[in-house]
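Open the model in your viewer and keep the selection tool ready. This tour makes two stops, each at one residue.

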Amino acid sequence: MAEASRTVVINRPIDEVFAFFTTPSNDPSWRTQVKEISGEPRTGARIHQVVKGPGGTDFPADMEVTAFEPPTRYAFRVVAGPVRPEGEFLLTSVDGGTDVTFHLKAEIKGLKALALARPAQSAMDSEVAGLETAKRKLEGT
């Protein structure tokens, strides 16, 4: 299983932080793999996205929103593409800001595991590392 998680404290109100992470048009500003993305986040909705893959290949990685619970939880699962991770944002108000945890996991089985486990882990590590970029954008630094 490939898995990655990161937590940051963002010095902005929880409602503002939740809105940022649940607005697909913001994703390319902090998720370096996103080439295109569109959709309206709500539970059960499908968000269309195309991401950069290994070797510069672009591929679809559409997501289904599995939880939309303002302002504390946003979860999804990827329903297109060679690797289909599940992800979740958990937000908590803290003194002076918002604690954000972003967690991704993907079960990769069989022959796919031989070819895709390492690139998938690298991509997921990069995704959660993007929280630092999102933090800088939201804090204006």
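Select R31 first. R31 sits in the loop between α1 (14–21) and β2 (34–38). Helices (H or I, at least four residues) and strands (E, at least two) are DSSP runs, numbered from the N terminus. This is a predicted model, where local features need pLDDT of at least 70, side-chain atom pairs count only at pLDDT 80 or more, and totals for chains, interfaces and linings use all residues. Residues are numbered from 1 along each chain as its sequence is written, and side-chain values use heavy atoms, leaving out hydrogens and water.

Is R31 buried or exposed? R31 is buried, at 8% relative accessible area. Buried means under 20%, exposed over 50%, partly exposed in between (1.4 Å probe, protein chains only).

Zoom in on Q49: its side chain makes a polar contact with the side chain of R31, at 3.0 Å. A polar contact is a pair of N or O atoms within 3.5 Å; within protein, one must be able to donate a hydrogen and the other to accept it, and residues adjacent in sequence count only if both atoms are side-chain atoms.

Next, select R84. R84 lies in the loop between β6 (73–78) and β7 (86–94). R84 is partly exposed, with a relative accessible area of 48%.

Show the backbone here. The side chain of R84 reaches the backbone oxygen of G81 at 3.0 Å. A polar atom of that R84 side chain also lies 3.1 Å from the backbone oxygen of V79.

Finally, select K105. K105 and R84 are 21 residues apart in sequence and 8.7 Å apart in space, C-alpha to C-alpha.
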